Amino acid sequence: MSSKESDNLLNFVTSLAGDHFLKIEENLGDGFVRLKISEAERRQAKHDIRSVEDIVVELLRNSRDSGASKTFVSSHKEDQLRKIVVIDDGCGIPTNLHEKIFEPRVTSKLDTVVLDRYGVHGRGMALFSVKSAADKAWVVSSFPGKGSVFKIEANTAILGERKDQSTFPTIRWRQGEPQILRGPHNIVRILVEFNIDHPQMEIYLGSPAEILSTMLTLNKSHPNGNFSDVLEQTDLKLWRCIGCVSQAKILPEMAKKYFELEISERNAHRIMNREIKPLPRIFAEFGENLEHWLNGKEKEVSRSSGKENLSKFIQDEDLEILSQNIVKNFDEVGKKYFLKLQGKPKIQRGRNRIKIDLDLEREEEI
Ligand SMILES: Nc1ncnc2c1ncn2[C@@H]1O[C@H](COP(=O)(O)OP(=O)(O)O)[C@@H](O)[C@H]1O
Ligand SMILES: [Mg+2]
C-alpha cells in the first residue's frame, strides 16, 4: 500500500467510525505503520521470547510473510554466544526502516494478520521482543525486492536454548502426511516443523561456511563486477549477488559485509575448492519419502499460483465495510442464541478467497 493509499484508508476509516475505531497511530510510509497500543494488545500473542528457538521461529515467520522462497539459516556458537544469520529472498525492507522495525508496534501487516500454529502474527511486536531478549539484533542488509539478512547474537547463559542442537527429529507418516514424532525442540526441529507447514519454502541450515558454500553452489549466475555494482545494476536477489565473487581472498570480506557470515581465509579457500560440501535443503535429510511428498506439495502450490489472486482486487476499505456489515448482521442472529462477537472479525486474504473468522462469546445474562 502506498503512503497515500494508507492515508486515504486512515481518513476513510476515521470518517466512518470515529477515532475509537482507528488502529493506526503513525503512518511511516511504504505500507509501514505504527499500531495504536490498543490494537497491538488486541493482537496480543505469546510473543515473549523465552529461548533461542523462539527467535528462529519469529525470523522464519517474517521470511514467510515477506514471500521468501529460499531461506538460509546460519547458526553457530562461540563460547556462550549463539550467532544466527537469516538470509531470505523475500520482499526486503526500505533502508530508512531497518532500525524502526525493531521498535514496538511497527508493522507492514496492518491488514494481513496471520494465524499459524504459533499464534497470531502481525502486531509489530516480534522483532522488538527479539531485540529485547537477545544481546544484539539488526538488519545486516536488505533492499526492496531483493531480500533481507538479519543477524542475532544471544548469550545462552541468559537466554536459554536446547542443549542438544544436533539431533534431528523423528518423523512418522500418518495418512500420507509427515508428523514429527519425537526429538528435542531444537533449531533443526523448529525448521522442520515450519517447513512441514510451509512446504513451498526452501530452507537450509548450517554453519556460516556451509551456508556460503551452499549459496555459491546454488548460484547459476556468475555476474561480472564487484558486489555493490551487481547489487545495484542487476535484478538478482541479494543472496545471488555472492555469485560475482570468484576469488577466495575477497570472499571473507564480502561474506561479512553483506551477510555477517564470518569465515576464515582458510575456509574461504576450502569453499572455493569445493571442499566444504553444500547443504541439502533441510527436508532432504529425511529421505525420499519426504522429498516425494514435498514435490507433490510444490506442484500443488505452483498449479494454484498460476491462477489469479482474486482477493487482491478488493480494496482494504471495502473489506472494512464488509466486516462492519457482518458485525451488524450478526447481532440479529446472535441474540437468538445469547451469543455475541468477541472483538472484530479477523479478515485474511487467501488465494481466490477471503477468510473471515468470528470469535464468539456468551451474552451475559441480565
Ligand atoms: N524478513 C523480512 N523481510 C521483509 N520484511 C520484514 C522481514 N522481517 C521483518 N520485516 C518487516 O518488519 C516488520 C516488523 O516485524 P515484526 O516485529 O516481526 O512484526 P510483524 O511481523 O508482526 O509485523 C514487519 O511487518 C515487516 O514489514
Ligand atoms: Mg513478525
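1. A polar contact here is a pair of N or O atoms within 3.5 Å; within protein, one must be able to donate a hydrogen and the other to accept it, and residues adjacent in sequence count only if both atoms are side-chain atoms. With that in hand, the side chain of Q165 reaches the backbone oxygen of R162 at 3.2 Å and the backbone nitrogen of I187 at 3.0 Å.

2. A word on provenance: this is a predicted model, where local features need pLDDT of at least 70 and side-chain atom pairs count only at pLDDT 80 or more, while totals for chains, interfaces and linings use all residues. Residues are numbered from 1 along each chain as its sequence is written, and side-chain values use heavy atoms, with hydrogens and water left out.

3. Back to Q165, which sits in the loop between β9 (147–155) and β10 (170–174); strands are DSSP runs of E, at least two residues, and helices are runs of H or I, at least four. Q165 counts as buried because its relative accessibility is 19%, the cut-off being under 20% with a 1.4 Å probe and protein chains only. Leaving out residues up to four places away in sequence, Q165 touches E53, R82, N186, I187 and V188 (heavy atoms within 4.5 Å).

4. Now ligand 1. The side chain of D88 has an N or O atom 2.8 Å from a ligand nitrogen, and the side chain of S108 has one 2.5 Å from a ligand oxygen. A polar backbone atom of A126 lies 3.4 Å from an oxygen of ligand 1.

5. As for the shell around ligand 1, α3 (52–65), β5 (106–107), α4 (126–133) and β9 each supply at least two residues.

Terms used:
Chains are lettered from A and ligands numbered from 1 in the order in which they are written. Buried means under 20% relative accessible area, exposed over 50%, partly exposed in between (1.4 Å probe, protein chains only).
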